[in-house]
Amino acid sequence: MSGDEQPGLNEIEQCFVAVLDGRMSRDKADRWACRWVVDDYLVWDDLEWWALRLLHGIDLAHGPDGDFLHGDEQVREWLEELRRRRAL
């Protein structure tokens with residue numbers, strides 16, 4: 001997930017898994033996704049774009065000392081939805 005090439009769905013999915021497994025912080029996942037979301041020259045399919053936009057913001061909190069806006073359960077649901085949509 002550190003290369004310079006535009007990531008595909010496998011790499012995007014791996015980012016969700018890494019967050020849930022604790023191998024990647026939410027802040028790092030957000031920064032990784034942000035790098036791709038803000039690049040106006042890249043073309044994404046609908047599923048890639050949907051998933052990247054979820055990752056970009058995965059570190060949002062309710063407030064300075066609050067819990068994450070999107071808890072682990074919701075992130076798991078996003079990952080499951082990504083996997084379901086990929087299987088179609």
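Reply: Helices here are DSSP runs of H or I with at least four residues, strands are runs of E with at least two, and both are numbered from the N terminus. By that count the chain reads α-α-α-α along its sequence. That makes four helices and zero strands.

This is a predicted model, in which local features need pLDDT of at least 70 and side-chain atom pairs need pLDDT 80 or more, while totals for chains, interfaces and linings use all residues. Residues are numbered from 1 along each chain as its sequence is written, and side-chain values use heavy atoms, with hydrogens and water left out.

The C-alpha trace spans about 35 × 25 × 20 Å along its principal axes. Contact means heavy atoms within 4.5 Å. Among contacts with a separation of 6 or more, 61% join residues 24 or more positions apart.

Accessible areas come from the Shrake-Rupley method with a 1.4 Å probe, and for residues only the protein chains shown count as cover. The chain's accessible surface comes to about 5,600 Å², and carbon and sulfur atoms hold 47% of it. A residue is buried under 20% relative accessible area, exposed over 50%, and partly exposed in between (1.4 Å probe, protein chains only). Of the 88 residues in the chain, 36% are buried.

Now the core itself. A nonpolar core is a set of buried Ala, Val, Leu, Ile, Met, Phe, Trp, Tyr and Cys residues joined through side-chain atoms within 4.5 Å. The largest one has 25 residues, and I12, F16, W32, L52, L55, I58 and L82 touch the most other members. Helix α1 gives the most, with seven residues.

Take L82. Beyond its neighbours within four places in sequence, L82 is in contact with L9, E13, F16, L47, W50 and A51. Take A33 in helix α2 next. A33 is buried, at a relative accessible area of 0%. Not counting residues up to four places away in sequence, A33 touches L52, L55 and H56. H70 is another matter: A33 and H70 are 37 residues apart in sequence and 16 Å apart in space, C-alpha to C-alpha.

What about the cysteines? A disulfide is a covalent bond between the sulfur atoms of two cysteines. The cut-off used is a pair of cysteine sulfur atoms within 2.5 Å. Across the whole structure the search finds zero disulfides. C15 is in none, and its nearest cysteine sulfur, that of C34, is 12 Å away. Seen from C34, the closest cysteine sulfur is in C15, and 12 Å is too far for a bond. C15 is buried, with a relative accessible area of 0%. C34 is partly exposed, at 25%.

Last, the charged pairs. A salt bridge is a side-chain nitrogen of Lys or Arg within 4 Å of a carboxyl oxygen of Asp or Glu. The structure holds eight. One of them joins the side chains of E13 and R83, at 2.6 Å from N to O. E13 sits in helix α1 and R83 in helix α4, so this pair ties together parts 70 residues apart in sequence. E13 counts as buried, at 14% relative accessibility. R83 is partly exposed, at 41%. A network of salt bridges links E13, R83 and R86. E13 is also among the contacts of L82.

R76 and E73 meet at 3.3 Å, N to O. They are three residues apart in helix α4, so about one helical turn separates them. R76 is partly exposed, at 37% relative accessibility, and E73 is partly exposed too, at 48%. D21 and R23 form another salt bridge, also at 3.3 Å from N to O. Both of these residues, D21 and R23, are exposed.
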